[in-house]
Amino acid sequence: MQALSRVASDLAQIIARGPLDGALGAEVGSNSDGDNQKALDVMADEAFAAALPGTGVRWYASEERETVEQIDEDGALALAIDPLDGSSNIDVNVSIGTIFSIRPARDGAEDSFLRSGREQIAAGYFIYGPMTALVVTFGNGVLTFVRDPQDGRFHQAGGMLTIPEDSSEFAINASNYRHWSKPVRAYIDDCLQGIEGPRAKNFNMRWVASLVAETHRILSRGGIFLYPSDGRPGYGQGRLRMVYECAPIAMLVEQAGGRATTGQDPLLDQRPDQLHARTPLVFGTPDKVDRVTAYHDLPEQEISALFGSRGLFRA
Ligand SMILES: O=P(O)(O)OC[C@H]1O[C@](O)(COP(=O)(O)O)[C@@H](O)[C@@H]1O
Ligand SMILES: [Mg+2]
Ligand SMILES: [Mg+2]
C-alpha cells in the first residue's frame, strides 16, 4: 500500500501539471483489448510496476499488459491494476483514477487472478480530482485517505464509509439506449418517467465516464451505476473488465453496505475465464440494485406489460 500510495502521489503531481510537461492524453498505441493507450496510461503502468520489487507482490496484472508479469519470485501477493481509469477524461480535466485489487498469489500467474472476487484481500482506488484521495478496504469496512498537497502523503479523513440510502441519481451511458436489453430499458424508462411513472419520484442522471469518479460519488451520496451488456459488437459482456475494474469496485461497494451485480448475479461470485474478461456491472444502494435484478428475473415478454403502464413496482 505504501508503494502504491507513493506512485499515486507522484501521479497526482504529474496530473496537476496538465500539459505543462507534455501531452498526457496523447495516443501512444493500443493495449491487448484494442483500446487506445494514452501517454498517461503507459506512464502510470510503468510507474506502478517499477515500484513493486521488494514489496511482496509476486504477480502483476495490468490493463495495459497482455500477460501477467512476475515481480518478487517468493512474494505472497497478486496485484491487479487499472493504472489509469477514465483515460478519455485526461485532456478535459475531469477526475480520473487508479483501481487496484490484491489477492493471495498462487503458483500459476493467471491462475492467481482467474478466481472469484471473494478471494480479494484488499481493493481500492486512488481518485485524482479536485482532491486526490485513496479509498480502500481490507475486508473490514472502507476508509478514505486524502493526499495533502503540502507533504504529498495520504491522511485518513473521516471514519468508515457507508453508502447513503437516500438518492435519486442513476448513472448510465444513455447514448447506448437502443442497444440495451429489455430489462435495462424498462428500468431506465421507469426512472425517466419520474413522478408520473411507476416509481412516483423524479430522478437525476450523471455520467462522468470515469468509473472511479462514479464510484466516489455513489459511495459519498448514494445512487446506482449501470454498465450493462448491450447489442453493439464486442459489448456482449459490457465494457468493464472483471479482474482490475469490477471486482475491486464490487468489494468496496459491498464493504460500504451496497450491492454489486452483473445485473442478475452477485459480481463477486463470478469467475473470469480470461485475464482481460469483461462483465456487465450494476452497483449502488442495495434496493436499487435489487430492483434491476427483479426486472431481469421476469420473462422478456412480461417486462413491458408489468413495468411502465401497469407498474408492478409502483411506489
Ligand atoms: O465511454 P463509455 O462507453 O461511456 O465508457 C466509460 C467507461 O470506460 C472507462 O473509462 C474504462 O476505463 P479505462 O479508461 O481504464 O479504459 C470507465 O472508467 C468508464 O466507466
Ligand atoms: Mg478503467
Ligand atoms: Mg485504464
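I began with the metals: the magnesium ion (ligand 3) and the magnesium ion (ligand 2) lie 3.7 Å apart, and Asp-82 coordinates both. The pair links distant parts of the chain: Glu-63 sits in the loop between strand E3 (57-62) and strand E4 (69-70), and Asp-82 in strand E5 (residues 77-85), 19 residues apart. Helices (H or I, at least four residues) and strands (E, at least two) are DSSP runs, numbered from the N terminus.

I noted that this is a predicted model, in which local features need pLDDT of at least 70 and side-chain atom pairs count only at pLDDT 80 or more, while totals for chains, interfaces and linings use all residues. Residues are numbered from 1 along each chain as its sequence is written, chains are lettered from A and ligands numbered from 1 in the order in which they are written, and side-chain values use heavy atoms, with hydrogens and water left out.

**Entry: the metal donors**

I looked up the protein donors of the magnesium ion (ligand 3) and found Glu-63 (OE), Asp-82 (OD) and Leu-84 (O), 2.1 to 2.2 Å from the ion. Donors are N, O and S atoms within 2.8 Å of the metal (3.2 Å for Na, K and Ca); water is not among the atoms, so sites may look incomplete. I wrote the spacing of these donors along the chain as E-x18-D-x1-L.

For the magnesium ion (ligand 2), I listed Asp-82 (OD), Asp-85 (OD) and Glu-245 (OE) as the protein donors, at 1.8 to 2.1 Å. Their spacing is D-x2-D-x159-E.

I then asked: is Asp-82 buried or exposed? Asp-82 is buried, with a relative accessible area of 0%. Buried means under 20% relative accessible area, exposed over 50%, and partly exposed in between (1.4 Å probe, protein chains only). Glu-63 counts as buried at 8%, and Asp-85 counts as buried at 5%.

**Entry: ligand 1**

I counted 15 residues around ligand 1, and the closest are Asp-85, Gly-86, Asn-173, Leu-211 and Tyr-227. A residue is taken as near a molecule or strand if one of its heavy atoms lies within 4 Å of it. The shell divides into six nonpolar, four polar and five charged residues. In this division Ala, Val, Leu, Ile, Met, Phe, Trp, Tyr, Cys and Pro count as nonpolar, Asp, Glu, Lys and Arg as charged, and the others, Gly among them, as polar. E5 gives the largest share of the shell, three residues.

I looked for polar atoms beside the oxygen atoms of ligand 1. A polar backbone atom of Ser-87 is 2.9 Å from an oxygen atom of the ligand. For Arg-239, a polar side-chain atom lies 2.9 Å from an oxygen atom of ligand 1. For Glu-245, a polar side-chain atom lies 3.1 Å from an oxygen atom of ligand 1. Taken alone, ligand 1 exposes 480 Å², of which the protein buries 88%. These areas come from the Shrake-Rupley method with a 1.4 Å probe; for residues, only the protein chains shown count as cover.

I found Ser-112 in the loop between strand E6 (96-104) and strand E7 (122-128). Ser-112 counts as buried at 0% relative accessibility. A polar atom of the Ser-112 side chain lies 2.8 Å from the backbone oxygen of Gly-108. A polar contact is a pair of N or O atoms within 3.5 Å; within protein, one must be able to donate a hydrogen and the other to accept it, and residues adjacent in sequence count only if both atoms are side-chain atoms. Leaving aside neighbours within four places in sequence, Ser-112 is in contact (heavy atoms within 4.5 Å) with residues including Trp-59, Ala-78 and Arg-103.

Val-68 lies in the loop between E3 and E4 and is buried, with a relative accessible area of 13%. Not counting residues up to four places away in sequence, I found that Val-68 touches several residues, among them Trp-59, Phe-113 and Leu-275.

Which residues of helix H4 (residues 211-221) are buried? I listed Leu-211, Val-212, Ala-213, Glu-214, Thr-215, His-216, Arg-217, Ile-218 and Leu-219. Nine of the eleven residues of H4 are buried, so the helix is largely enclosed by the rest of the structure. Just after H4, Gly-222 takes a positive phi of about 85°.

In helix H3 (residues 182-192), the buried residues include Pro-183, Val-184 and Ala-186. H3 is followed by Gly-194, with a positive phi near 55°.
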